[in-house]
Every structure is written in structure tokens, then in C-alpha cells.
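Take a moment with the picture before reading on.

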Amino acid sequence: MVRKTAGAAGRAGRAGRGEKLVKGARRPGVRLPPLDPFTGGELEPDGDYDGLEFRETDFAGQDGGGARFMDCALTGCALDETRLHHVRLLDSVLTGTRGVGTDLAEATLRDVELVDARLGGVQLHGSVLERVLVRGGKIDYLNLRKARLKDVVFESCVLVEPDFGGARLERVEFVDCVLKGADFSAATLTDVDLRAAAELDIARGVDRLAGAVISPSQLMDLAPVLAAEMGVRVVGIGEE
């Protein structure tokens, strides 16, 4: 489903005079079938999990690298130091997931909803995220370096020092969420909408915001960072 941004009708009129509209992200439309409870014990590398419900399952320290999860629901699961390198998460919903040091490097997430997560140090570098909704919760030190994000929405969540270094972001929205110390170094942005972010704090990579849209108030907040990036000193008259 395409999310329509506020004032779309007015901007559409201006677009006819040459102004380009930011394209909204397509959200996932996950419709889970009746699920069977997971009773298989520990995760298996390259395992195939289809139509299963994982409820309050502790996967801490387990290895599910290369596994495929399709039409699954993971509710209240623990992923501390869980190895899920190269995993594929498809048409699935993860609710109340918690963990530190989860390895999801080079994973594929397609049509996935991540709701009320409490995660720290998640490794998603080199991953592919398409039609993903991250809603609620808090994620500290999210590593998305060199990842590809397309049609991704971060909504009502807190992201502490997220690292988008070298990543490619296309049709990505930040809605009512807090970004603290974000790193966009060497990132490529296309139709990235930051206007509705509740807090926007960019530590590095402000020079990579071409392709993003921000609000006038955000521009004022980012003015010191932009000035520093350009090597401009801002000094009042009479000040040394």
C-alpha cells in the first residue's frame, strides 16, 4: 500500500510546474495463514521454516545461518548472540523481539513487520530490506552499512546511532521516530522522507542528504552541522 504524505494534492499541482514529488514507501501487506506451533528445538543452519509460530522461544547463541522463514510469526523471542547470517525472512511478523548482538548480516527481509523490538548491536550490514515496516520499540547501534533498503518505513521507534554508511536507501520513510547520532557516510539516498521524524540528529554524512527531503524546522536544526561540513564559521558581530 502506498502511503500518501500530507498535502499531496497541493504538491501535485506544484509538481506540474517542475517540482519533483518524493515517492512514498510501499508498506508490507502481511497476511499470515493459520500457523502451526514450532516444536523443533534449536534452530538449524539452512533450515526451512514455513507457516510456523515461534512464541517466547529462546534462540540465544543458536545458529540458524542461511535458514528461510516464510509466513512465520515470532512473538517475544530472544535473539541474544543468535547467528542468522544470510537468513531469509519472507512474509513474516516479528513482535516483541529482544536481543543483543544478533547477527543478521547479508540477510534478506521482504514483506516483514518488526514490531516493538528491543535490540542492541544488530548486524544487518550487506542486507537487503524490501517492503519492511519497523514500528515501535528501540534499536541501539543498528548496523546497516552497505545494505540496500527499498520501501522501508521506520515508525514510532527510537534508533540510537544507526549506521547507514555506504547503504542505498530508496523510498524510505521515518515517521514519528527518533534518530540519534545517525551516520549516513557514503550513503546514497533516493526519495528518503525525513520530514515526519520526531527527532533528527545526524552525526556524520550530512553531505549525503541529496535525494532526501526535510522540513524547514529540520533545516534550521541541521544548520550548524551543515555549516561545519562546508567549513563555514558562524560568529556573531563583536564575538571573537
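The notes below go from the overall build down to single residues.

## Ground rules

You're looking at a predicted model, where local features need pLDDT of at least 70 and side-chain atom pairs count only at pLDDT 80 or more, while totals for chains, interfaces and linings use all residues. Numbering starts from 1 along each chain as its sequence is written, and side-chain values use heavy atoms, with hydrogens and water left out.

## The overall build

The protein has two helices and 16 strands (DSSP runs numbered from the N terminus: H or I of at least four residues for helices, E of at least two for strands). Its radius of gyration is 20 Å, close to the 18 Å that the globule rule gives for 240 residues, so the protein is as compact as a globular protein of that length. That radius is taken over C-alpha atoms, and the rule is 2.2 Å times the number of residues to the power 0.38. Along the principal axes, the C-alpha atoms fill a box of roughly 70 × 45 × 25 Å.

Of the 240 residues, 49% are buried (under 20% relative accessible area with a 1.4 Å probe, protein chains only; exposed is over 50%, and partly exposed is in between). Among contacts (heavy atoms within 4.5 Å) with a separation of 6 or more, 13% are between residues 24 or more positions apart.

## The nonpolar core

In soluble globular proteins, nonpolar side chains tend to be buried together. Here the largest nonpolar core has 56 residues, and Phe 54, Leu 149, Phe 154 and Phe 174 have the most contacts inside it. Such a core is a set of buried Ala, Val, Leu, Ile, Met, Phe, Trp, Tyr and Cys residues joined through side-chain atoms within 4.5 Å. Strand 8 (residues 108-120) gives the largest share of this core, five residues.

Phe 154 touches several residues beyond four places away in sequence, including Leu 149, Val 172 and Phe 174.

Strand 3 pairs in the parallel sense with strand 1 (residues 36-37) over two bridges; pairing takes at least two bridges found by DSSP. Asp 36 is the residue opposite Leu 52. Strand 5 (residues 73-75) also runs parallel to strand 3, joined by three bridges, and Ala 73 is the bridge partner of Glu 53.

Why does Glu 155 count as buried? Because its relative accessibility is 16%. Glu 155 sits in strand 10 (residues 148-155), and its side chain makes a polar contact of 2.8 Å with that of Arg 27. A polar contact is a pair of N or O atoms within 3.5 Å; within protein, one must be able to donate a hydrogen and the other to accept it, and residues adjacent in sequence count only if both atoms are side-chain atoms.

A polar contact of 2.7 Å links its side chain to that of Asp 151.

## A kinked helix

Helix 2 (residues 216-230) has a kink of about 50° at Leu 222, shortly before Pro 224. The bend at a residue is the angle between axes fitted to the seven residues ending there and the seven starting there. Gln 218, Leu 222 and Ala 227 are buried in helix 2, and the helix's buried residues pack against strand 15 (199-204).
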